[in-house]
Amino acid sequence: MQSAMALSFSQTSFTRPNHVLGSTGSVFSTPTSLRFCGLRREAFGYSTSNQLALRCERIRIPSRKSFQVSASASSNGNGAPPKSFDYDLIIIGAGVGGHGAALHAVEKGLKTAIIEGDVVGGTCVNRGCVPSKALLAVSGRMRELQNEHHMKSFGLQVSAAGYDRQGVADHANNLATKIRNNLTNSMKALGVDILTGFGSVLGPQKVKYGKDNIITAKDIIIATGSVPFVPKGIEVDGKTVITSDHALKLESVPDWIAIVGSGYIGLEFSDVYTALGSEVTFIEALDQLMPGFDPEISKLAQRVLINPRKIDYHTGVFASKITPAKDGKPVLIELIDAKTKEPKDTLEVDAALIATGRAPFTNGLGLENVNVVTQRGFIPVDERMRVIDGNGTLVPNLYCIGDANGKLMLAHAASAQGISVVEQVSGRDHVLNHLSIPAACFTHPEISMVGLTEPQAKEKGEKEGFKVSVVKTSFKANTKALAENEGEGIAKMIYRPDNGEILGVHIFGLHAADLIHEASNAIALGTRIQDIKLAVHAHPTLSEVLDELFKAAKVESHATTRTVSEKVVV
Amino acid sequence: MAVSSSSFLSTASLTNSKSNISFASSVSPSLRSVVFRSTTPATSHRRSMTVRSKIREIFMPALSSTMTEGKIVSWIKTEGEKLAKGESVVVVESDKADMDVETFYDGYLAAIVVGEGETAPVGAAIGLLAETEAEIEEAKSKAASKSSSSVAEAVVPSPPPVTSSPAPAIAQPAPVTAVSDGPRKTVATPYAKKLAKQHKVDIESVAGTGPFGRITASDVETAAGIAPSKSSIAPPPPPPPPVTAKATTTNLPPLLPDSSIVPFTAMQSAVSKNMIESLSVPTFRVGYPVNTDALDALYEKVKPKGVTMTALLAKAAGMALAQHPVVNASCKDGKSFSYNSSINIAVAVAINGGLITPVLQDADKLDLYLLSQKWKELVGKARSKQLQPHEYNSGTFTLSNLGMFGVDRFDAILPPGQGAIMAVGASKPTVVADKDGFFSVKNTMLVNVTADHRIVYGADLAAFLQTFAKIIENPDSLTL
């Protein structure tokens with residue numbers, strides 16, 4: 001274990017100490033919890049006195065007074081003059097990434113402002129993950145209630161399920177409002193200044209927002225996110241040709257909708273629309289549906305999520321031109337071959353949803369003032385989210401997180417990047433391990449993944465000269481899944497048999513999105529299979545799906561865990 | 001594969017690993033092979049083919065006792081590929097696991113009838129196997145004709161494949177008059193296409209009535225001759241309409257507003273078909289009162305041993321039939337008596353929205369206890385839809401009992417292929433006068449037999465009923 005720790009330390013320097021913070025917190029609140037002593041003592045070896053101080057502050061954070069104290073303490077620790085800036089940190093964009101950064105900055109004692117030109121919460125809360133989960137919650141229930149066979153197998157009888165479109169739409173909207181308020185309040189309560197207006201970079205450490213308010217900060221984080229990407233030739237009218245922004249308002253449920261793009265967004269919407277009675281046609285530029293997923297997972301997912309539903313698809317084609325419905329004509333979609341660009345087909349549908357990905361929202365940010373050139377709109381950054389200018393040199397004190405840098409366009413990735421940046425600006429080097437960030441697609445059943453896909457892992461193994469093994473299990477073997485009549489599903493783990501490192505985990509099945517975290521945490525913490533396989537899972541739970549994977553894996557090296565139980569004297 | 005689950009679901013690994021063998025071993029191994037049925041080209045009327053060839057249909061196999069339909073996970077072989085006996089051809093997903101299915105014959109996989117991801121009922125053709133390479137084309141055309149069987153015109157090779165239908169040019173200037181201009185391409189919704197494939201309807205031949213003239217799911221259902229099922233979203237709860245032969249008359253009055261149409265299930269369709277068929281048989285009915293005091297007393301005695309009234313009646317009918325073989329006969333061709341070698345009593349059972357007749361075979365020979373046991377087993381299987389065909393279609397005489405509902409008498413429809421059916425009413429205390437004029441109250445049950453008058457005449461039936469009544473009234477012989 002010691003060697004493993006040393007190896008992973010450089011990569012995950014943040015995770016270990018953070019773990020210390022968490023566990024000491026528990027110790028403080030429950031001093032009788034002796035179980036943590038063993039861990040704590042060992043972990044202290046990695047802690048600096050600075051971190052110990054921070055740990056204490058953490059307890060006192062809510063009061064304004066300590067906020068100031070800690071701010072100066074932190075600035076002093078960095079060796080910079082404390083009071084020459086308006087703020088320690090300014091974040092442009094109050095989406096999930098900015099919010100995560102702001103909260104962590106306060107925790108670190110930084111005087112923080114966040115600039116938002118639209119609504120707090122950004123895409124995720126207002127036009128993305130959050131309202132779509134509301135719609136998917138509805139679609140999941142509709143699907144279940146409509147599935148006579150499924151109900152019958154429970155011995156349940158349900159008469160016709162129906163829905164009220166406005167009611168569904170309201171649920172999504174209410175959820176977004178609620179989460180937005182929560183987000184706003186959480187920042188206000190902690191003393192983050194929320195500045196309203198469009199923010200841009202005026203120069204080093206200088207930001208403009210609104211009409212002409214100029215403020216300075218020691219460090220600046222750009223977190224302006226992204227907008228739906230609409231390929232050229234497609235005319236979005238917001239009614240019959242729409243993006244996810246419009247679709248989430250659910251202003252109509254068309255009889256037949258074409259979804260351009262079969263990634264996460266397209267898949268989730270196909271789940272919603274088919275559950276609400278629409279028929280769906282996928283248009284995918286690549287040769288296969290669901291690109292980006294592990295091939296085996298996407299194959300099974302297609303068998304479950306596409307084939308039995310009222311969905312057909314065209315692959316290997318671009319939608320070169322989409323005309324909204326008007327003058328009594330349907331939506332017209334012209335398809336061309338993705339390779340030869342030859343016209344292939346024309347579709348007539350009631351609506352088209354453009355789910356071809358997202359484009360960074362970086363226009364008008366004043367990047368030219370700091371000599372930064374975007375690449376396809378993305379702001380170039382290094383592994384520490386430090387912005388790189390046109391000459392390839394780092395722009396001091398300027399960071400970019402989230403969709404705007406395009407590293408990993410997920411809300412929680414943005415948040416993690418933000419936290420990583422705050423760690424750095426508050427004096428501790430930190431590099432985020434993107435391979436430990438899980439991703440999920442909330443179809444019914446869900447798809448989730450972390451780390452490498454099987455082909456990626458094999459390629460890496462070949463390059464770096466290690467063996468790659470794969471182990472799989474079916475939800476059909478899980479008691480809880482069977483009790484729920486949801487045996488459809490598979491989980492697979494890709495790992496190194498020589499040292500037990502988890503390279504990737506992919507799950508397709510009931511509550512996959514919730515199950516993935518055991519794996520992502522293991523990857524983030526560098527936990528090896530031979531160790532985690534000894535951990536206990538409650539029976540019967542879906543978590544045993546992962547347990548099954550860990551136990552089925554064949555690892556050559558032996559367990560290295562200092563088994564906690566040995567050190568506990570109760 | 002390091003998996004401890006017994007029903008691991010993985011197509012890729014299954015097809016090339018040995019694990020499929022262990023799966024297969026959990027069911028009867030003989031089930032794993034493809035079922036074949038030879039068809040001769042003569043079955044396709046439209047093409048006058050003289051060459052006799054061996055084209056076999058590959059069937060959806062029953063991979064487990066509970067499997068009613070299977071899903072094609074993947075075809076391991078592609079069309080035109082050579083197959084050797086014992087090779088895996090297709091991966092089928094049953095309710096339990098994915099299994100490789102092997103061929104029994106050498107030959108070529110000529111045509112795939114049911115594609116990957118689709119499902120087919122057990123016993124349905126999923127592909128065609130040609131014996132020689134030369135027959136592949138023929139098999140293919142056969143497969144094609146299968147999928148467009150509703151088209152009357154035969155040989156017209158369907159217009160160019162859908163995918164290559166000349167797309168209206170990108171620069172099509174004014175498609176305002178689109179509906180009328182020239183040969184329009186077929187627009188069908190995804191579900192319509194799925195249904196068309198499922199019901200083997202040529203989508204090109206369907207008239208679209210949806211928005212912009214597109215073909216919708218209900219258009220396909222109409223073309224396939226199925227009552228369009230409403231969208232599954234908000235169908236009013238279906239009160240199953242009473243089964244009536246009316247459904248087939250052509251002039252249906254228009255539906256009342258808010259009425260609903262519920263298509264038959266497979267079982268209901270079968271009932272309907274049988275009932276229509278029964279109309280071609282000249283039947284007559286004879287009723288008979290039977291005193292059941294003795295039977296009731298016997299029933300009380302044997303009931304604790306698990307004997308059911310159904311078994312008692314079946315046994316009595318079986319014994320009576322043994323003495324009157326003509327009532328157990330049937331008329332297959334309108335020219336002869338077909339005397340059945342055994343007495344198999346079919347008993348009508350209502351199950352959840354359907355009707356099925358599990359058969360007590362050799363009812364005259366088996367003793368009451370065995371019959372009762374057998375009956376229990378059959379009913380259990382019927383409820384879970386696990387009856388094997390021979391367990392419900394081998395009856396030679398049918399018993400239908402509505403007595404438990406208090407029905408005193410009714411009249412049953414003779415099922416096709418049988419000579420007689422007995423309708424049993426409730427046994428009720430009835431005032432009877434004996435030959436000396438003394439009144440007494442006796443439990444009396446009315447039975448009413450419907451028979452095919454081509455083979456069973458009035459006297460035959462009367463004599464049979466008399467025997468039956470005697471057995472019931474002196475039931476000791478039942479327990480022998």
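Gly127(B) is buried, its relative accessible area being 0%, where buried stands for under 20%, exposed for over 50% and partly exposed for what falls in between, with a 1.4 Å probe and protein chains only. This glycine lies in strand S9 of chain B, residues 125-130, strands being DSSP runs (E) of at least two residues and helices runs (H or I) of at least four, numbered from the N terminus. Apart from neighbours within four places in sequence, Gly127(B) is in contact with residues including Arg56(B), Trp75(B) and Val113(B), contact being heavy atoms within 4.5 Å. Leu109(B) is 18 residues from Gly127(B) in sequence, and the two C-alpha atoms are 7.5 Å apart.

The model is predicted, so that local features need pLDDT of at least 70 and side-chain atom pairs count only at pLDDT 80 or more, whereas totals for chains, interfaces and linings use all residues. Residues are numbered from 1 along each chain as its sequence is written, chains are lettered from A and ligands numbered from 1 in the order in which they are written, and side-chain values use heavy atoms, with hydrogens and water left out.

Over all chains the count comes to 35 salt bridges, each defined as a side-chain nitrogen of Lys or Arg within 4 Å of a carboxyl oxygen of Asp or Glu. Three of them are listed here.

| Salt bridge | Closest N and O atoms |
|---|---|
| Asp271(A) with Arg143(A) | 3.7 Å |
| Lys239(A) with Glu251(A) | 3.6 Å |
| Arg56(B) with Glu131(B) | 3.5 Å |

In the last pair, Arg56(B) lies in strand S2 (residues 55-59) and Glu131(B) in the loop between S9 and helix H3 (135-147) of chain B, so the bridge ties together parts that are 75 residues apart in sequence. Arg56(B) is buried at 10% relative accessible area, while Glu131(B) is partly exposed at 37%.

By contrast, Asp271(A) and Arg143(A) are both buried.

Asp271(A) belongs to the buried residues of helix H12 of chain A, a helix in which ten of the twelve residues are buried. H12(A), residues 264-275, reaches 17 Å from its first C-alpha to its last, close to the expected 16 Å, the expectation being 1.5 Å times one less than the number of residues. Just after H12(A), Gly277(A) takes a positive phi of about 105 degrees.
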